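Here's a quick tour of a protein model, put together for someone who is new to reading structures. Keep the picture open and follow along as we go.

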Amino acid sequence: MLWCVSDVVSDAATLYSTVANEPVAVISDTLFSDTENLASRDVLSATEDTLCLFPRKKRPWRAAAQLVGFNASLQLFDRFVLKGAYAQSTIHDIRRNLKLTNWFWDSDVFYTNLVEHPYHGSLHYNIARSNGMNFLESTGYTIGGDLLWEFFGETEMPSVNDLISTAAGGIAIGEVTHRVARQVYRPQWRGFRRVMNELLGAAFNPMGALNRVLTGEAWTVARPPAEDTAADFEATLSVGWRHIGVNDSTHTRFNTPYLYLHILYGDPYEDNYKPYDYFDAGMAITVGSGQKFVSRIHILGELYGRNIVDKPHFQAKAGLYQHFGYAYTNPVKGGSAAYQISEAASAGIGLMYKAYDTGGLCSFEQQLFFNGMGLGGMFSDYLDNPARRNYNMGSGFTAKIHNTLTVSNLATVRFDADFYRMFTWLDYSMPVNSKPGQPLTAQGEAGNVSLWTLSPQLKIDISKSIAVKGFGCWYVRRSNYKHYPNVHLNSLECGMGVVCKI
């Protein structure tokens with residue numbers, strides 16, 4: 001349903017319904033401060049006498065129907081177009097899958113289990129989110145959508161790791177892409193650039209774009225809702241070159257270009273009672289040397305935060321945070337993988353503080369996090385397992401400390417130290433693997449792994465929107481195996497690039 005308010009005074013801060021005489025929305029004029037935009041025939045004029053607002057109405061049944069329809073369409077595509085063996089499910093498979101005793105740990109590749117499944121979950125999440133559901137309600141749809149797929153979509157039995165990664169990763173990726181897309185849209189624009197703007201928003205959130213089309217929001221000219229313009233929002237794009245080396249007998253070395261999108265949303269030092277009112281997210285894309293297109297994803301999302309100190313030169317905050325991480329390199333020419341890391345389901349406590357000098361020219365910020373990791377993944381050094389899988393899954397904990405020193409308009413120095421500890425207990429020798437008709441189920445090679453990532457970075461400002469950056473990361477991994485010799489491996493990544501605010 002579309003609400004229209006006529007005869008709007010352009011400088012009004014609050015609009016009132018002419019029917020019910022109740023507040024409708026608070027409108028931000030942020031995007032209307034540009035004189036050129038106001039004068040253009042391709043945007044909504046601030047003096048136009050009609051303003052159309054799209055209320056965030058909840059549509060739970062339409063969300064449920066879209067969820068079922070999406071999974072059904074995907075299953076039919078995989079079944080008849082891709083002709084995937086996994087999609088040729090039968091009534092026998094469905095009956096078996098509905099038994100709660102038939103859950104197992106699958107052996108799909110690292111990228112499928114820990115990137116593609118979380119992205120699939122984000123589509124489920126945004127079906128609900130774009131139909132007006134809130135964070136918790138959309139979480140329920142995400143879990144329900146994955147259960148539909150696990151029970152009815154595949155020939156293999158329901159997967160424990162798929163449920164965890166699809167749900168937790170889907171929530172993180174889904175909420176980030178939902179909020180970023182809402183910041184991208186410019187509903188006051190018209191013409192060709194409106195079309196391109198809608199396509200850009202659809203790239204971040206395709207399910208949200210679908211519902212914009214269904215409601216007519218995709219082509220209706222209107223001021224953006226206040227909730228889409230009020231948040232602090234900064235996006236930067238980096239492009240450059242990186243070098244990766246492995247310090248073992250293979251001495252693997254390779255170079256690739258990279259593209260890195262980094263987004264900061266919200267004020268980290270405000271009280272946030274809604275999940276993801278503040279988040280820090282980034283994604284790296286690489287090409288060449290046989291590497292995966294998406295080589296890195298990180299998401300830090302605040303679930304709840306309280307400002308504990310708020311003084312002119314010092315701010316501090318404590319809260320609960322969700323973490324999603326993925327960093328991946330393929331082995332090159334038979335060598336070792338420099339790193340394969342996943343923090344698919346992780347959450348915990350965090351403390352951050354920031355100190356300023358008297359003039360406000362310099363600042364020092366530190367962030368500390370301690371998390372329980374429900375599901376993670378790390379590279380395995382032994383491939384002679386029945387599944388031929390080159391990574392282990394498990395659970396454990398992580399601890400992180402991030403330090404940033406900023407000299408205004410000059411440079412930023414950052415140093416991050418992250419520690420991962422993951423335990424794998426269900427290995428390939430467990431008796432369950434010998435049961436007749438039971439598929440192989442294992443997290444990997446029994447044992448534990450400790451990983452340090454030490455990451456220095458220097459960014460020098462050239463102008464307000466352009467900077468140059470140099471970075472490095474030292475990976476120190478100690479893998480302790482129950483049935484094999486332990487492995488200690490060090491890897492190094494370094495690179496340079498140009499950073500541009502967008």
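Let's begin in the loop between strand E6 (253-265) and strand E7 (279-286), which is where Tyr276 sits. This is a predicted model, so everything below describes a prediction. Tyr276 has a phi near 70 degrees, a positive value in a residue that isn't glycine.

- Is Tyr276 buried or exposed? Its relative accessibility is 0%, so Tyr276 counts as buried.
- Asn409 isn't a glycine either, and it has a positive phi of about 65 degrees.
- You'll find Asn409 in the loop between E12 and strand E13 (411-424).
- With 63% relative accessibility, Asn409 counts as exposed, whereas Tyr276 counts as buried.

**The whole protein**

- Count the pieces and you get eight helices and 16 strands.
- The protein has 502 residues, and buried ones make up 50% of them.
- Take the contacts between residues at least 6 apart in sequence: 67% of those join residues at least 24 apart.

**Two helices side by side**

- Helix H6 (residues 160-184) packs with helix H7 (residues 191-204) at an angle of about 170 degrees, and their axes are 8 Å apart.
- What does that angle tell you about how H6 and H7 run? An angle over 145 degrees counts as roughly antiparallel, so that is the label for H6 and H7.
- On the H6 side, the residues that meet H7 are Thr177, Val180, Ala181 and Val184; on the H7 side, they are Asn197, Leu200, Gly201 and Phe204.
- Sort the residues of this contact by type and you get five nonpolar, three polar and no charged.

**Salt bridges**

- How many salt bridges does a search of the whole structure find? It finds 17.
- Glu493 forms a salt bridge with Arg296, and their closest N and O atoms are 3.1 Å apart. Glu493 lies in strand E16 (residues 487-501) and Arg296 in strand E8 (residues 294-311), so this pair ties together parts that are 197 residues apart in sequence.
- In that pair, Glu493 is buried, with a relative accessible area of 5%, while Arg296 is partly exposed at 25%.
- Glu343 and Lys400 also meet through their side chains in a salt bridge, at 2.9 Å from N to O. This pair links distant parts of the chain, 57 residues apart: Glu343 is in strand E10 (residues 340-356) and Lys400 is in strand E12 (residues 391-407).
- Both Glu343 and Lys400 are buried.
- Salt bridges can link up as well: Arg182, Arg194, Glu198, Arg212 and Glu217 are joined in a network of them.

Terms used: Residues numbered from 1 in each chain as written. Predicted model: local features only at pLDDT ≥ 70, side-chain atom pairs only at ≥ 80, totals over all residues. Heavy atoms only, no water. Axes fitted to C-alpha atoms, helices over the stretch in contact; angles between N-to-C directions. Helix = DSSP H or I, 4+ residues; strand = E, 2+ residues; numbered from the N terminus. Parallel < 35°, antiparallel > 145°, perpendicular 65-115°, else oblique. Contact = heavy atoms within 4.5 Å. Nonpolar A, V, L, I, M, F, W, Y, C, P; charged D, E, K, R; others polar. Buried < 20%, exposed > 50% of the residue type's maximum accessible area, 1.4 Å probe, protein only. Salt bridge = Lys/Arg side-chain N within 4 Å of Asp/Glu carboxyl O.
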